[in-house]
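Trainee: Let's go through this one together. I'd like to hear what stands behind each term.

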Amino acid sequence: MIQTLINSWPNALFYMMALVTVACAIAVVVTQNIVRAAVWLLFTLTGTAGLFFLLGADFVGATQLLIYVGGTMILVIFGVMLTARGPFVQMKTASGEWTLAAIVGLTLFGLVSGTLISTDWSRTKKSEAAVKAGEGITEANSPTTMQLGLEFLGVPPQNPKISRDPAGIGYLLPFEIVSVHLLVVLIGAAYLARAKRRKATTS
Amino acid sequence: MSDLIHKILLPLLYTVIIMLFFQLQAIIFVWLERKVSGRIQDRLGPTRVGGKFGWLQTIADGVKLLLKEDLIPRDADRAMFRVSPYIVLCGAFAAFLVIPFAFQWAAQSMNVAVFFMLAVMSVEVFGVIMAGYASGSKWALFGGMREAAQVVSYEVPMAMNIVPAVMASGTMNLNDAAQMQAGWFWNWMCFHDPFTFFAAIMYLVCATASVKRAPFDLAEAESELVAGFHTEYSGFRWLIFFMAEYASMLAVAWIATLMFWGGWNGPLPVAQWLTKAGITLGTWDGPSFIPNVGGRILGLLNFIAKGYTLIVVMMWVRWTLPRIRIDQVMKTCLKYLLPITCFLLLGAAAWPLFVRTRQGGQIGGFVAAGLLLLIVGKAIVSTPKSAAQGRREIVYK
């Protein structure tokens, strides 16, 4: 009895953490106060980092904390504070916004759950067994995300089941386009900030 | 049964020990701060409570704070006002979980321990902003915003100053990084090359700013601004903010100790001498827990002493230098610390390419690079342009 309890302890922790994360995520949507929504978002992101830590992905968890919690949330708060007119502003959402948000959310949910269902999870077990047996990881028993990662790096996809374009360069081009896009956004933000300051000094 | 011990009881024990230490260090620090400031200002500090040295002073303070009325302003956002001290506390506490107090004596050994510590300590800012906002007072809000701007900007050069040490030791695992510096004190990472030496000092400057200590504490400034973001806090909640501040001071000092100042290794290889003389405190690199306990306790004492030395340096700076203005705080970070840090980073990356030999070449390179750094630093600090800007700012245009 005690043994089973101990063995299920990590799972129990995981589910508790996941439950808290999901509850906070729901609270982000439901709450009317904009700063409180940001705070719930903070808890959601921290909970996600906690899930990463529980799964043993320390680096990903710490990165999640540093980038999302430390960076984005500060940005959110600054934005919120600079736009809110009075203290503790309440938001009212129109029904149109609700429907639009519901459509986007459901689409994303469908996409994620579709991916989850269509993933061949037995590959993970195969690669674990291969590592335990001391064999190298090959195309046949590679973990589920390895192929995707390689394709992001420009390795031509070899598994015809996964990719439709066996001679291509993988996802390197779209990946690079997205990163250049981010650079454009950064430069744009810097330009906007500069223009404002120049006006202030001339006047 | 061993599962029960390893999976539940030991983690609980580690957490309780660290939590106790976490609270006790605040008691020692408050007393130390008073004594050090007293000495520097040529007075005695507390002398009444608990004998000649006033060592019970903090307990008296703690009792006073616990008995104070717990005020929450009428306009405050009550839930957030209550939660925010705990967020700050959690951020500071989580950093302690991965610190190795002696060889392999960490609650959780982690391959990316330095990175993890910096990441969780960046969460503290959020509690500060929340506290400022939830107080429902403009005073606290502005204090929180200033504090956030300062801490967020200083985190960048602080993290970048650790990178030279990470590059030199080749690991982000605090345990391995500290063990690499065993032996004489010139094995310490700060004496590895001139860039790590200057990075060690720059790190301490940035760390002082990022834990909101003087001379970078304009956002709080007890004497003028009545403590900025936690103006509305009193009693136990205020106590939590202070405990977290002292804890994060200790955490950043220990990151410096582990990455730059030799970790738990003393300046002299005492353990090696003792082993040669036939006295075994236990070896330093044994896998098991009990046999090495003597050596590890020596290391633990060393480690605590080093951390406290750095803290005393921080206090010394606080009571010696005047506070700098908020625009100067930001300017120091963005115009001086960040470029210097980038330069140190490049230098530390280039160092192994140019200086390969261990003995003669290293000393020559050390002197040459040190001179170069001094010249560049002098040039940066004393450009006529910056002097003119400084004058203009003083007369408020």
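Trainee: Which residues in H10(B) meet which residues in H12(B)?

Mentor: Ground rules before that: this is a predicted model, so local features need pLDDT of at least 70 and side-chain atom pairs count only at pLDDT 80 or more, while totals for chains, interfaces and linings use all residues. Residues are numbered from 1 along each chain as its sequence is written, chains are lettered from A and ligands numbered from 1 in the order in which they are written, and side-chain values use heavy atoms, with hydrogens and water left out. Now, on the H10(B) side you have B:Met249, B:Leu250, B:Val252, B:Ala253, B:Trp254, B:Ala256, B:Thr257 and B:Leu258; they meet B:Phe303, B:Ile304, B:Lys306, B:Gly307, B:Tyr308, B:Leu310, B:Ile311 and B:Met314 in H12(B). To "meet" is to be in contact, with heavy atoms within 4.5 Å. By class, that is 13 nonpolar, two polar and one charged residues. Gly counts as polar here, while Tyr and Trp count as nonpolar and Lys as charged.

Trainee: How do H10(B) and H12(B) cross, right-handed or left-handed?

Mentor: Right-handed. The near helix is then turned clockwise from the far one, by less than a right angle. The axes of H10(B) and H12(B), residues 293-318, come within 9 Å and cross at roughly 120°.

Trainee: Why are H1(B) and H10(B) called roughly perpendicular?

Mentor: Their axes cross at roughly 95° and come within 9 Å. Roughly perpendicular runs from 65 to 115 degrees, so H1(B) and H10(B) are roughly perpendicular to each other. The residues in contact from H1(B) include B:Phe21, B:Phe29 and B:Glu33, and those from H10(B) include B:Tyr246 and B:Trp254. The contact has 10 nonpolar, two polar and one charged residues.

Trainee: At roughly what angle do the axes of H6(B) and H10(B) cross?

Mentor: At roughly 25°, and the axes come within 10 Å.

Trainee: What makes H6(B) roughly parallel to H10(B)?

Mentor: The cut-off is under 35 degrees, and that crossing angle makes H6(B) roughly parallel to H10(B). The crossing of H6(B) and H10(B) is left-handed. B:Met158, B:Ile162, B:Ala165, B:Val166 and B:Ser169 in H6(B) meet B:Val252, B:Ile255 and B:Met259 in H10(B). That contact has seven nonpolar, one polar and no charged residues.

Trainee: On to pockets. What volume does the largest pocket have?

Mentor: About 1,900 Å³. It counts as a pocket because, on a 1 Å grid where a 1.4 Å probe fits, the set of points is open and has protein on both sides within 12 Å along at least five of seven lines. Its lining has 48 residues, and the closest to its centre are A:Leu13, A:Gly50, A:Phe53, A:Leu54 and B:Leu97. H2(A) gives the largest share, 11 residues. By class, the lining divides into 36 nonpolar, 10 polar and two charged.

Trainee: How much space lies in the second largest pocket?

Mentor: About 780 Å³. It is lined by 32 residues (an atom within 4 Å of a point), and B:Val30, B:Asp61, B:Leu65, B:Trp238 and B:Phe242 are the closest to its centre. H1, H2 and H10 of chain B each supply at least two residues, with the largest share, nine residues, from H1(B). By class, the lining divides into 17 nonpolar, seven polar and eight charged.

Note on methods: Axes are lines fitted to C-alpha atoms, for helices over the stretch in contact, and angles run from 0 to 180 degrees between N-to-C directions. Helices (H or I, at least four residues) and strands (E, at least two) are DSSP runs, numbered from the N terminus. Angles under 35 degrees count as roughly parallel, over 145 as roughly antiparallel, 65 to 115 as roughly perpendicular and the rest as oblique. Grid points are joined across faces, edges and corners, and a volume is the space filled by probe spheres set on the points.
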